[in-house]
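User: Hi! I'm new to reading protein structures. Could you walk me through this one?

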Amino acid sequence: MSRRLLSVLLAAVATAGFGCAVQGQPFEKTTSPPGTAVIYVYRPYSYGSVELRPAVTCGEDTARIGPGGYHAFIVPAGEKVSCSIETDTADEVEFNTDRRSYYVREELGWGWLTAVPHLNPVDTDKAQTEIQSCVLEPQTTQAGSTN
């Protein structure tokens with residue numbers, strides 16, 4: 001194999017492996033207004049399924065989270081709040097919220113032919129370690145979502 005072909009292949013692999021992670025500000029706790037709770041949904045970086053960004057909805061807010069990203073959903077405290085992923089499998093978790101922070105890891109498993117996203121609540125101690133490597137992903141404003 002020629003050196004030129006080898007260098008082109010290595011550059012393509014490096015771009016695919018490192019160029020697809022979410023770019024943004026490092027994780028920082030959000031200060032929520034009185035009477036609200038925060039649900040952090042995060043997606044640790046993995047090499048598989050970097051193109052898949054299903055819409056995640058918690059309460060009234062919707063975001064698309066890429067690999068290595070997170071989004072802080074501000075929801076009313078004292079209410080039952082559902083978080084769901086809009087896919088064919090429609091995964092959902094529910095919280096009876098208090099005025100505190102909740103953490104949910106978005107994971108991608110594999111179905112027969114495609115990746116299948118799941119939402120998994122994570123305890124605070126484990127989530128604090130995992131979410132530190134995630135960055136706040138900028139969201140485009142659309143109906144029913146906020147930045």
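User: Leaving aside neighbours within four places in sequence, which residues is V104 in contact with?
Analyst: V104 is in contact with I39, Y40, V41, Y42, V93, F95, L119, N120 and P121. Keep in mind that this is a predicted model.

User: What is V104's place in the largest nonpolar core?
Analyst: That core has 17 residues, and V104 is among those that touch the most other members, along with I39, V41, F73, C83, F95 and L119. The elements giving two or more residues to this core are β2, β3, β5, β6, β7 and β8. There is also a second, separate core of eleven residues, which includes Y42, A72, V122 and C134.

User: OK, zooming out. How many helices and strands does the protein have?
Analyst: Two helices and ten strands. Along the sequence they follow the pattern α-β-β-β-β-β-β-β-β-β-α-β.

User: What is the strand order in the six-strand sheet?
Analyst: The order is β1-β10-β5-β2-β8-β9; the sheet is open and its pairing is mixed. Its edge strands are β1 (25-26) and β9 (115-122), each of which pairs on one side only.

User: In which sense do β5 and β10 pair?
Analyst: They pair in the parallel sense, over two bridges, with β5 covering residues 69-76 and β10 covering residues 135-136. To find the place on screen, look for Y70, whose bridge partner in β10 is L136.

User: And where does helix α2 lie?
Analyst: Helix α2, residues 124-131, lies across β2 (36-43), β5, β8 and β9. The helix runs at about 65° to β8.

User: Now the four-strand sheet. What's the order there?
Analyst: That open sheet goes β4-β3-β6-β7, with antiparallel pairing. Here β4 and β7 are the edge strands, each pairing on one side only. On average, neighbouring strands of this sheet are turned by 15° against each other, direction ignored.

User: How many bridges join β3 to β4?
Analyst: Four, and the two strands run antiparallel. T57 stands opposite T62 in β4. The β3 and β4 hairpin has two residues between the strands, and G59 takes a positive phi near 65° there.

User: What about the other partner of β3, how many bridges join β3 to β6?
Analyst: Three bridges, again with the strands running antiparallel. C58 stands opposite C83 in β6, and C83 is one of the residues that touch the most other members of the largest nonpolar core. Further along the sheet, five bridges join β6 to β7, and K80 stands opposite N96 in β7.

User: Which residues of β3 point one way, and which the other?
Analyst: A55 and T57 point one way, V56 and C58 point the other way, and all are buried. In a regular strand the side chains alternate between the two faces of the sheet.

User: Changing topic: is R105 buried or exposed?
Analyst: R105 counts as buried because its relative accessible area is 12%, under the 20% cut-off. R105 is found in strand β8, residues 101-110.

User: What does its side chain do with E107?
Analyst: The side chains of R105 and E107 are joined by a polar contact of 2.7 Å. Leaving aside neighbours within four places in sequence, R105 is in contact with residues including Y42, P44, H118 and E130.

User: And P138, buried or exposed?
Analyst: P138 counts as exposed because its relative accessibility is 60%, over the 50% cut-off. You'll find P138 in the segment after β10. P138 and A63 are 75 residues apart in sequence and 9.3 Å apart in space, C-alpha to C-alpha.

User: Last one: what pLDDT does the protein average?
Analyst: The average is 79, and 75% of the residues score at least 70. Over residues 5-20 the pLDDT is below 50, and this stretch has ten contacts in the model beyond near neighbours in sequence. Residues 141-147 are also below 50, with twelve contacts counted that way. Where pLDDT is low, the predicted coordinates should not be read in detail.

Key
Residues numbered from 1 in each chain as written. Predicted model: local features only at pLDDT ≥ 70, side-chain atom pairs only at ≥ 80, totals over all residues. Heavy atoms only, no water. Buried < 20%, exposed > 50% of the residue type's maximum accessible area, 1.4 Å probe, protein only. Pairing = 2+ DSSP bridges. Polar contact = N/O pair within 3.5 Å; in protein donor to acceptor, adjacent residues only side chain to side chain. Contact = heavy atoms within 4.5 Å. Axes fitted to C-alpha atoms, helices over the stretch in contact; angles between N-to-C directions. Core = buried A, V, L, I, M, F, W, Y, C linked by side-chain atoms within 4.5 Å. pLDDT = per-residue confidence, 0-100.
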